[in-house]
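Please keep the structure open beside the text as you read.

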Amino acid sequence: MVSSSSSSFSPEVSSLQLAMAALIGASFMAISAFYIHKRSVDQILDRLIELGKKSPKTKRIQRVYNDEDEIEVEEEEEEEEEENRDSDDDEEEEIDRILWKQRLSNSRSFDDVRNLRYGLSSSLPNAVLTNYWRSNEEDERKFIDNRSSSFNNLNNLQSNGRDGIMHFYNNAGSRTSQEFLARPLTPKSLVHNGLESVEDFEEEPLLPDEDDNSFLSVPIDSKSMKLHDSIPANYDSTFDSSGVVNDVSAPDKPNGAMVSRSHGDANLLDNQKLDTGPTHIARKDLFDIFMPLKTTLHERPNREEEEVCLLLRQCLELREKYVYRENAAPWMKESVLESNFPMVNNDPFHYDPVEPTEHYFRMEEGVVHVYSNKNATEDLFPVATSTEFFTDMHHLLRISSLGDVRSACHHRLRLLEEKYRLHLLVNADREFLSQKGAPHRDFYNVRKVDTHIHHSACMNQKHLLRFIKSKLRKEPDEVVIFRDGKYLTLKEVFASLDLTGYDLNVDLLDVHADKNTFHRFDKFNLKYNPCGQSRLREIFLKQDNLIQGRFLAEVTKEVLSDLEASKYQMAEYRVSIYGRKQSEWDQLASWFINNGIYSENAVWLIQLPRLYNVYRTMGTATSFQNILDNVFIPLFEVTVDPSSHPQLHVFLKQVVGFDIVDDESKPERRPTKHMPSPSEWTNEFNPAYSYYAYYCYANLYTLNKLRESKGMSTIRFRPHCGEAGEIDHLASAFLLCHNIAHGVNLRKSPVLQYLYYLAQIGLAMTPLSNNSLFVDYHKNPFPTFFQRGLNVSLSTDDPLLIHLTKEPLVEEYSVAAQVWKLTSCDICEIARNSVYQSGFSHAVKLHWLGNKYYKRGSEGNDIHKTNVPSLRIVFRHETWKEEMQYVYSGKVKFPEDIDH
C-alpha cells in the first residue's frame, strides 16, 4: 500500500520540483542581467563625469566688434591635462560623483538623467547649459564634450564669453565643444501651439542657481535687439537683383545657424539647407528680448519650378487685368486723422441735391456701356467681354489641373504650414508676453467685424421668440397680411394656426438647423419659416409686405442696439434684391429711410439670389436680360441723376458690396466662350455660377468707374463662393472678386488655394454654418488656411439658424478657439483680418487699426489698437514676401501700401 501510494505522488513532486527550478533559474538570470546593466550604466556615467572634468582641444574663432570695424581672430588652443591634481580637486570630483549618483537614483530612465544633465526644456527646442560642472572660476572657462546626437546638425553658433568677446563655435564632430545652443530654459507655457496637440513631457528641467552669472552665454546687443513688440525693420532678401538665390551661409552673416536637413521632414528635399535665422535667447526675467525667426529654403529653382512659377505669374496677371481698383486709394484722397474720430453722422438720411451730368448709358449684350453724352460713340469705361473672360477662366482652370503645378503648390502650402508651426514653437511665448504688455487691449475690446451675415437671420431664436410674443400681446389687432381673399390680424393669424402666445417656445418655433439639414439646402431654407409657416416669415422677416416691413425694422433696431452696446462688434448685413422688378430698389431704400435704419456699427451689402429659373417658370422674367435690367438700370439712373431716386441715393451711401447667393451644390454646365448673351437666354434652366458672376462683375465695374468719377462711394463684388459645387466657381471669383464668403472648396485645389494666398483674397468663413450644411466642423479647412497665411476671418452667416447666444460672433470665435486651440494672438489676428476685409470707411479704420493701417508689415500694425504683436505681423509679411520672391524669381517689387 505504501509503495503504491508513493508512486502515485511522484509525478506531482517532480512537476513541483521542475517549477521551482525554473523559477530559481529565471530569478538568477534576471538578477544577473540587472547587475550587468547597472554596472554598464555606472561605467558610462563615470566616463561622462570624467569627460566633464576635462577640457578637450578646441578650435575657437573670435570676432571683436567695435564701432568702426570687425576683427576676426582664429586661434588654436591646446590645453593639456594636469598630471598631478591637488587633493582639493580630488575631493571635489568625488563630491560631484556622489551627488550625481544621488540624482540618478531618483530618476526614471537614462533619458531623464540626460535631461537633468543638460537641463532640457520640454516646452521649447533643446538648449544646452554647460555651467552645471563649473565649480569655480577656473572651470568656467572650460567646455564640455558634446555627446548628444541631438546637436550633430548644429553649427556656426554664436555666444558671448565672460570677456565680452563674441565667439562662434563650429560643430565639426563629436569632440567639438559647445557652450549654449539655440533656446533658453523657460517654464512650460499654455500657448505651445494653438493648432496642434502637444504631448506634455514629465521631466522637470534643472534650472541653474540664481547667482550664476554664466546663464546667458549668447550676446544681448542693445543695438540689434529690442524690447517688447519692436521688430527689426528689414530682413535679408532671399534673392538678389538677378534672381539668383543669395547664399546666406557665408561667414559674414553671423546671426543665425544653418541646419543641414537630409531626413526627417517630408516637405524638404534631401540635403537642402534651412536658415533658422537669429535664435531667441533670454533669461526668464529678460523675456521681452527677442530676435525674429526666419526660415528660407536657399536653393535655385530648377527648370520645372521655373515653368510653374511662370504659369502662376500668368494667373496673378489675369487677376490684375479684371479686378476693379480705384484710381486713387482712400488714404490718398482723404486727409483724416485718427484724433478727429469719432465723427458721428447726426443726420445719416439727409439728402443734398446733386446736379445731374450728361452721361448717357445703355445696356448692350448684358453689360451697361457709359458715354459722355447721348451723341458720343466712345465707351468711357470699357470692360472685358464675356468671350475674353470665359477664355481666361478656362486657361486658369487648365493651369490648376496640371500635375506639376499642383505638386509645386501643394509643396509650397505645406512649407507655409510648417513655417507657421516653427514660428509658434519659437515665438509663442514672446507673442503672449507682448500682448500682456499692451494696455487695455484684449480680445473683447478689439474691433471685430461679422463679414458675412444675412439680415433676415441676424437675430437669435430666443430674441425672435420674445419679439413675436411681445407683438402678439401688445398689437393683436394689427392687420398684418392678406391671405385667402381677406385681411387677417395678428391674433387671427395665430388662431388659424391654433396657437397662442403661451404655447410658443423655441422648440415650437423650429428655426434652428439640425442634422436633417446636412447636404439639404432646401430644408435649410425652410428653417427661415417660424413654426414652419411661410406666413409668419412674411409678417416678421420680410420688408416687402402689407405692413411695409415695420416688424422687421423694429427687430432690426433691437439687434443694432445690442451691437452698439457691445461697442467692439460690427456687422455687414446682407439684404436681398431679387431682380423681379426695378421698383425693388426704391422700396428697399424707402424702408431704410422711413424706419430710420442706421448704425455706426453696421454697413450693408446687396445680395442677388440666383433664381432666374424660378422667375422664368412663374412668368416673371422672359430672359436673363430682364434680371440684369431690373438690378442695374436703377443704379445707373441714380448715379447719373441722384434726384431721380433721392432715397436710393442716400441709401447707397451705406452699401459697400454686392453678393450673389444660392445653393452652389446644384449641378450645372460649365460655360464656354460661345455662351448665348443674356437676351438670348430664354430657356428655363438657370445660368451657371460663373455666368452670373461675370455679368454682375461687368456691370459693377462700369458702375464703380462712373461713381468714382463723380466722387461717389463704390460697391465691391463680394459673392458667396466655394461653399459647395464645382471648382470653376472659385476660379471665376479669383479673377473678378475682392473677397468671397465661405471658400471651403479651396481645400480641393492646391493651385487655387496658393493663388488665393498670393493675392491675399479675403475669405469670410463660417465653420458653424458649414457644419449644418456641407462640412463637418472637425473637417473644416479653416485652421489649415489660417496656418498657411490665407486672409481668413470668422463670421456667423445665420445666427437665427445656427447660434444660441446673444453675441453670435463671439460665440463663433469661442467655439473655434476651443476646438482648434487658437491662442489669444490667433483670434486677435483673425479679428484684425475681418476689419481689413470689411467695407467700413477709411476714417473708421484709422480709428480702429491706427494711423498707418494701410501700410504693409509691422509699420501698419499698432498693437495698442489690434492686440496683435508685430512679431506675428512681421512673420506673415516676410513669409508672403518670400513666396512672392519665389514665384517672381526675385524680381518682384513690393508696394508700401495694401491693395485697395
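What follows goes from the whole protein to its parts.

This is a predicted model, in which local features need pLDDT of at least 70, side-chain atom pairs count only at pLDDT 80 or more, and totals for chains, interfaces and linings use all residues. Residues are numbered from 1 along each chain as its sequence is written, and side-chain values use heavy atoms, with hydrogens and water left out.

The protein has 28 helices and 22 strands; helices (H or I, at least four residues) and strands (E, at least two) are DSSP runs, numbered from the N terminus. Of its 900 residues, 53% count as buried, where buried means under 20% relative accessible area, exposed over 50% and partly exposed in between, with a 1.4 Å probe and protein chains only. Take the contacts (heavy atoms within 4.5 Å) between residues at least 6 apart in sequence: 72% of them join residues at least 24 apart.

Now find the open sheet of five strands, whose order is β12-β15-β16-β17-β18 with parallel pairing. Two strands pair if DSSP finds at least two bridges between them. At the edges lie β12 (448-454) and β18 (716-717), each pairing on one side only. Moving across the sheet, β12 and β15 are joined by five bridges, and Asp450 has Ala571 in β15 as its bridge partner. Six bridges then link β15 to β16, with Tyr573 opposite Trp604 in β16. Another six bridges join β16 (residues 602-609) to β17 (residues 655-661), and here Trp604 stands opposite Val655 in β17.

Two helices pack on this sheet. Helix α18 (residues 689-709) touches β16, β17 and β18, and its direction makes about 160 degrees with that of β17. Helix α24 (residues 808-819) touches β12 and β15 (569-576), at about 105 degrees to the direction of β12. For such angles, axes are lines fitted to C-alpha atoms, for helices over the stretch in contact, and angles run from 0 to 180 degrees between N-to-C directions.

How enclosed is β15 by the rest of the structure? Eight of the eight residues of β15 are buried, so this strand is largely enclosed. Gln569, Ala571, Tyr573 and Val575 cover one side, while Met570, Glu572, Arg574 and Ser576 lie on the other, all of them buried.

Next, look at α6 (residues 386-401) and α19, which pack at about 120 degrees with their axes 10 Å apart. They are therefore oblique to each other: angles under 35 degrees count as roughly parallel, over 145 as roughly antiparallel, 65 to 115 as roughly perpendicular and the rest as oblique. The contact is made by Phe389, Asp392, Met393, Leu396 and Leu397 of α6 and Asp728, Ala731, Ser732, Phe734, Leu735 and Leu736 of α19. Ser732 sits in α19 (residues 728-736) and is buried, with a relative accessible area of 0%. Leaving out residues up to four places away in sequence, Ser732 touches Phe389, Met393, Tyr689, Ser690 and Ala693.

Finally, α4 (residues 303-322) and α20 (residues 750-759) pack at about 60 degrees, with axes 11 Å apart, and are therefore oblique as well. Leu312, Cys315, Leu316 and Arg319 of α4 meet Val751, Tyr754, Leu755, Leu758 and Ala759 of α20.
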